[in-house]
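Keep the structure open while you read.

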Amino acid sequence: MASTETTSQTSAGEPGEDPAGPSAGPATDSATGAPADASATGAPGAEASSAAGDLAGLEAGLDALDSTVVSRQPWLRTTVSKAFPPVIAVLIVLALWQLAYHFQLKPHYLLPSPLDVYRSLQQKWLEGTLLSFVWTSVSRGALGFVASVAIGTLLGLIVARVKPVRAAIGPILSGLQSLPSVAWVPAAIIWFGLSDATIYAVVLLGAVPSIANGLVSGVDQIPPLYLRAGRTIGATGLTGVRHVLLPAALPGYLAGLKQGWAFSWRSLMAAELIVNAPDLGTGLGQLLEQGRELQDMSWVLAAILLILIVGIGIELLIFAPIERRVLRSRGLLVKS
């Protein structure tokens, strides 16, 4: 019996030790009897509260990143702030031009003053021919660009989605984009003669590769998850192209359209410079060539100025608002 009692005391532990061992419960404060460290208790309620606090902090941080506090400025101040830098740049260019004229860096018949160019424009306006020159070129450019968009979009979709076609003509499109548009003018004249068809052919050959390559670039940048999600909801074929592919590729496609318009306008001017016939009407390119034939530098610079103004006007009035709207819809542009 004595040996049995000794064995029982030994298995129960030494005097002063907790019979239950380290896992019997949390350590307590000797004065208050409360747990020494509440966070070390490992209670499920404390862990859930801590996780909920971390999640709330994370959500608050994400909301702070997404939300941008913008104070909407008055339209007059916004207009002035946007118009002031270009106006200053134009004034600086005019001042440098006037100084070059004053110090005769070139003879006056080779470098007329800004006032001489203005008088040349005023003369064309009073003759009633200025707007007709501008309209002839703008209408040709618009029609050629619309046709280029239709052809370039279809071609870009085929190249982007059909791998054999892309391998075959993808490099050719890139090469055509780098080819100067004026190089097509002699061939177009041989094919179509001195006609509007020659001008439109040069415009198409200059603009279509840029639009197609822009769309291909936009499609390449679409996350694959978007396309898989579209197929999951049944957006395949033309429906997938309309509702998934084109909207997702819109930023790159829009960049291709802007570049396509620039190539279209440049191609048109190159064609009008060379393709000159009485029954074709007079555009800005023909106006520029007439000034060269008459050795009238005021006329030449006035035509160059009109070409520049039309190009900038199309960019600011059409493409810039569309681009801002697309970027704003994707959260890439903050309203101001």
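This is a predicted model: local features need pLDDT of at least 70, side-chain atom pairs count only at pLDDT 80 or more; totals for chains, interfaces and linings use all residues.

Helix 12 spans residues 284-293, and it's mostly covered, with seven of its 10 residues buried. Those buried residues are Leu284, Gly285, Gln286, Leu287, Leu288, Glu289 and Gly291. Just past the end of helix 12, glutamine 295 has a positive phi of about 55°.

## Glycine 291

Is glycine 291 buried or exposed? It counts as buried, because its relative accessibility is 0% and the cut-off for buried is under 20%. Leaving out residues up to four places away in sequence, glycine 291 touches Asp296, Trp299 and Val300. There's also leucine 301, 10 residues from glycine 291 in sequence, with 8.7 Å between the two C-alpha atoms.

## Glutamate 272

Now step back to helix 11, where glutamate 272 sits. This glutamate is buried too, at a relative accessible area of 0%. Which residues does glutamate 272 contact, once its neighbours within four places in sequence are set aside? The list is Ser137, Arg140, Ile199, Gly283, Leu284, Gly285 and Gln286. Of these, Leu284, Gly285 and Gln286 also turn up among the buried residues of helix 12.

Threonine 282 is worth a look as well: it lies 10 residues along the chain from glutamate 272, and their C-alpha atoms are 8.5 Å apart.

## Where helix 5 meets helix 6

Helix 5 (residues 130-161) and helix 6 (residues 163-178) have axes that come within 7 Å and cross at roughly 125°. The two helices are therefore oblique to each other. As for who does the touching, helix 5 brings Leu155, Ile158, Val159, Ala160 and Arg161, while helix 6 brings Lys163, Val165, Arg166, Ile169 and Leu173. Sort the residues of that contact by type and you get seven nonpolar, three charged and no polar.

## One side of helix 7

Helix 7 runs over residues 184-192, and its buried residues include Trp184, Val185 and Ala188. Why do they end up on the same side of helix 7? They cover an arc of only 95° around the axis, and that puts them on the same side. Among the elements covering the buried residues of helix 7 are helix 6, helix 8 (196-220) and helix 11 (250-274).

## The whole chain

Zooming out, how many helices and strands does the chain have? There are 13 helices and zero strands. The chain has 336 residues, and 30% of them count as buried.

Take the contacts in the chain with a separation of 6 or more: 68% of them are between residues 24 or more positions apart. The accessible surface of the chain is about 21,300 Å², and carbon and sulfur atoms make up 66% of that.

Note on methods:
Residues are numbered from 1 along each chain as its sequence is written. Side-chain values use heavy atoms; hydrogens and water are left out. Axes are lines fitted to C-alpha atoms, for helices over the stretch in contact, and angles run from 0 to 180 degrees between N-to-C directions. Helices (H or I, at least four residues) and strands (E, at least two) are DSSP runs, numbered from the N terminus. Angles under 35 degrees count as roughly parallel, over 145 as roughly antiparallel, 65 to 115 as roughly perpendicular and the rest as oblique. Contact means heavy atoms within 4.5 Å. Ala, Val, Leu, Ile, Met, Phe, Trp, Tyr, Cys and Pro count as nonpolar, Asp, Glu, Lys and Arg as charged, and the others, Gly among them, as polar. Buried means under 20% relative accessible area, exposed over 50%, partly exposed in between (1.4 Å probe, protein chains only). The arc is that of the directions from the helix axis to the C-beta atoms. Accessible areas come from the Shrake-Rupley method with a 1.4 Å probe; for residues, only the protein chains shown count as cover.
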